[in-house]
Amino acid sequence: MRERGTILITGCSSGIGECCAHGMKARGWRVFATARKPEDIDRLRAAGLDALYLDYTEDDSIAAAVESMLAATGGRLDALFNNGAYAQPGALEDLTTEVLKEQFEANFFGWHALTRRVVPVMRRQKSGRIVMNSSVLGFIALRFRGAYTSTKFALEGYSDTLRIEVERAGIRVATIEPGPIASRFTETALRYAQKNLPIESSVHREAYRRRLASMAKGGNTRGQLGPEAVLDAVVHACESDRPRTHYYVTQPTRLMAFARRVLPRSTLHRVLKRG
C-alpha cells in the first residue's frame, strides 16, 4: 500500500486516539501515536505503530516527541491530530485556580505548544493538515462542566484564528466536535472529581452525589457512537481536497449546533440549564 503521508496523533492510550491511530495506519498513513504510560507505548509499538511519549503538561516531552518524529521522517509531517484531553467536573465555585490551570495545561496550552512546533514544518512544505478534537461543549455550556467547557471554548477560538493565519501557507485547520463517544472519558472524569472536588462541604453536594453515582455506572450514553465515527471525520479532514472547517459527529452535537443557531440565547439558556 502506498504511504499517504505521516500523521502525529496524541492521546492514543484508548478511545478516539487509539481508534484513529489504527484506522489511519490501515489507510496507509505512517502514524506516530503518543501516550503517557510506558505500557500503552509498548502496546502501540507492538501493534506496528511508531509510538512516542508525550505529556501535554511537559514541554520537554512535546519537544522530544516532535524531534524524534522529524528525525524518523526526514523532517516531514503531513498531519497533526490534537486529541489527548480530560474533563475536570465540578461547579466553578468549587474549583481552585490551580485545578483550573491544570485543566488548561492539558487541554489547551499543551496543544498550543505542540502546534507551534508543527506549523513551521508545514510552512516549509507549503502543505499540512491540523485537526483539533474539540467538543459539543466547545459551543454550548452545561453545569458542572465549566473547566472543560472553558478549555474547549478557548480551543474553538484558537482554531478559527489559526485557520485564518496559516491558510495562505497551504495549511488547513479543521475542528471536530464529537459529542457522546464510547471511551474511558467518563471513567477518567470520575477520578478527577473524586480527587479535586470538596464534595461534602459544597452547596452542590447532593447534586454531586447523584452525578458521581451516575458516572460510576457509565454516565448518560444517549446518542453515543463508537470512536470510529470520529475516525471518519479525521479521514475526511486529512485526505479531502476540500476539508470542512467543522465536523459535527453525533446527532446530539448536530442538534445542539442547530439549536444554538436558531434559538434566542434566553431560550437556549433555559434548555441547557436542565442538563
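In this predicted model, strand S2 (residues 29-35) is largely enclosed by the rest of the structure, because 6 of its 7 residues are buried, that is, under 20% relative accessible area.

S2 pairs with strand S1 (residues 5-9) and also with strand S3 (residues 50-53). The two pairings are set out in the table.

| Strand pair | Sense | Bridges |
|---|---|---|
| S1 and S2 | parallel | 5 bridges |
| S2 and S3 | parallel | 4 bridges |

Individual bridge partners can be named for each pairing. Ile9 is partnered by Ala33 of S2, while Phe32 has Asp50 of S3 as its bridge partner.

Helix H1 (residues 15-26) forms a right-handed β-α-β unit with S1 and S2. Helix H2 (residues 38-46), together with S2 and S3, likewise makes a right-handed β-α-β unit.

The remaining topic is helix packing. Two packed helices are described by the angle between their axes and the distance between the axes. For helix H6 (residues 185-196) and helix H7 (residues 205-216), the packing angle is about 145° and the axes lie 9 Å apart. The crossing of H6 past H7 is left-handed. On the H6 side, the contact involves Thr186, Ala189, Leu190, Ala193 and Gln194, which meet Leu212, Met215 and Ala216 of H7. Of the residues in this contact, 6 are nonpolar and 2 are polar, with no charged residue.

How values were computed:
Residues numbered from 1 in each chain as written. Predicted model: local features only at pLDDT ≥ 70, side-chain atom pairs only at ≥ 80, totals over all residues. Heavy atoms only, no water. Buried < 20%, exposed > 50% of the residue type's maximum accessible area, 1.4 Å probe, protein only. Helix = DSSP H or I, 4+ residues; strand = E, 2+ residues; numbered from the N terminus. Pairing = 2+ DSSP bridges. Right-handed = clockwise from strand over helix to strand, strands pointing away. Axes fitted to C-alpha atoms, helices over the stretch in contact; angles between N-to-C directions. Left-handed = near helix turned anticlockwise from the far one by under 90°. Contact = heavy atoms within 4.5 Å. Nonpolar A, V, L, I, M, F, W, Y, C, P; charged D, E, K, R; others polar.
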